[in-house]
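The sequence and structure come first.

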Amino acid sequence: MDRLSSGLDARRVMHMLSSNLDKERQLQGRTNIRFCCNQAITEQQRDEAATWLTHLAAQFQFLPETCGLAVLLMDRVLQLVKVQAKYLQCVAVTCLYIAAKSLEEDENIPPTPDFVRTSRCGCSFSEISRMEMVILSKLNWNIRLPSAVDFLHTIHAVVVLHYPHLLSSQSDTSPSEHLTVVMRQLLRCLTWHGVLRFRPSTVALALISLELEQITPGWLRLVHVLQRMTNVGSEQLMLCREEIAGFLGQQLITMHAHRSRKSSSSAPSSKKRKVDHSVAPSEEDNIYDGIKRLYNEDTVSITTDKPSLRTSCSLEMHQDFEENTKLKSQTTLLVN
């Protein structure tokens, strides 16, 4: 066992897991997002914004926790407020900035002007500052929420600490390298709206269970132990497993098809194809570096042009919030 076990003892891991579960229970029933006719943002728009955030986080070499929190904060805003599509990019990049300031070391956070320029978000420094205050206000300054990334770290640490022999069959793969592989899959899942109906702890456990199924024949008994630790019901776990397995399988099929189209004109197709994890090597290196930094172990750039945002988008969005609140109050008075 490597430095992972020396950095996290069993008592500390269980304390972290228990603390995150308590925070999750406080938000239970208020974290799911239902995309419907009353939601201004479509599922596709949400997924595109989440994907953009994961690429930005990798570009800035932020921790996986920062990426997970940024996506969670964005989803919380979308759940609490009817955000118009023209504000989504500003909301997303501001959530990443808030997450970075909450979790990253100061030296890892670029100056705000550099952050704005590199992200190519179409927002100004003052615009992001104003949007930050609007978001913090709507979230009641409660931003240290446990994401699926946090639960993946703690659940994986429990497995490594109590069942270290499970990874012994994985050649010379260290626990942190194994976690990097699973983390890469999780970050892909977070860009998909299908996981929003499940608790973050359920998403993390479902992904871990799929991985354990590939490693050990006794995976089901171990998963039952992890279920009791996380209080994840069997029905929710099985549904989440099916959703994630289907999504990751479809991603792999899409990637294979893309590679086949790309190579068919230049070289004969091979009957044996290597498994593609659908993440560029540079992004995988960034995730691995972030995990090593977390446990004290020793870029993907987005250039998609986005329509420029109006310079007063945070002010307009705040006004929209207030108008919606006033309208609800007036409707209540009329009914009474």
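## Largest cavity

Helix H4 (64-80) and helix H10 (200-215) each contribute at least two residues to the lining of the largest cavity. Helices here are DSSP runs of H or I with at least four residues, numbered from the N terminus, and strands are runs of E with at least two. The model is predicted: local features require pLDDT of at least 70 and side-chain atom pairs pLDDT 80 or more, while totals for chains, interfaces and linings use all residues. Residues are numbered from 1 along each chain as its sequence is written, and side-chain values use heavy atoms, with hydrogens and water left out.

A cavity is a set of points, on a 1 Å grid over the protein atoms alone, where a 1.4 Å probe fits but cannot get out; lining residues have an atom within 4 Å of a point. The largest cavity holds about 200 Å³ of space, the volume being the space filled by probe spheres set on the points, which are joined across faces, edges and corners. Its lining has 14 residues, and Leu72, Asp75, Leu190, Leu196 and Pro200 are the closest to the centre. H4 gives the most to this lining, with four residues. By class, nine of the lining residues are nonpolar, three polar and two charged. Nonpolar covers Ala, Val, Leu, Ile, Met, Phe, Trp, Tyr, Cys and Pro; charged covers Asp, Glu, Lys and Arg; the others, Gly among them, are polar.

## Salt bridges

A salt bridge is counted when a side-chain nitrogen of Lys or Arg lies within 4 Å of a carboxyl oxygen of Asp or Glu. The count comes to nine. One of them joins arginine 199 to glutamate 24, with the closest N and O atoms 3.0 Å apart. This pair links distant parts of the chain, 175 residues apart: arginine 199 is in the loop between helix H9 (175-189) and H10, and glutamate 24 is in helix H2 (residues 10-27). Arginine 199 has 19% relative accessibility and counts as buried, as does glutamate 24 at 6%. Buried means under 20% relative accessible area, exposed over 50%, and partly exposed in between, with a 1.4 Å probe and protein chains only.

Arginine 197 and glutamate 243 also form a salt bridge (2.6 Å, N to O). Here arginine 197 is in the loop between H9 and H10 and glutamate 243 in helix H12 (residues 234-264), 46 residues apart. Arginine 197 is partly exposed at 33%, and glutamate 243 is partly exposed at 27%. Within helix H7 (residues 125-138), glutamate 127 and arginine 130 are three residues apart, so about one helical turn separates them; their salt bridge is 2.8 Å, N to O. Glutamate 127 is buried at 2%, whereas arginine 130 is partly exposed at 36%. Arg46, Asp47 and Asp75 are linked in a salt-bridge network.

## Aromatic pairs

Rings of Phe, Tyr and Trp (its six-membered ring) pair if their centres lie within 6.5 Å; planes under 30 degrees apart are stacked, over 60 edge-to-face, and the rest tilted. There are four aromatic pairs. Phenylalanine 60 and phenylalanine 62 are stacked because their ring centres are 5.4 Å apart and their planes at 20°. Both phenylalanine 60 and phenylalanine 62 are buried.

Phenylalanine 60 is also stacked with phenylalanine 115, at 5.0 Å centre to centre and 20° between the planes. Since phenylalanine 60 is in the loop between helix H3 (43-59) and H4, and phenylalanine 115 in helix H6 (residues 112-119), the pair ties together parts 55 residues apart in sequence. Phe60, Phe62, Tyr97 and Phe115 form one aromatic cluster.

Key: 1 Å grid on protein atoms, 1.4 Å probe; cavity = no way out; pocket = protein on both sides within 12 Å on 5 of 7 lines; lining within 4 Å.
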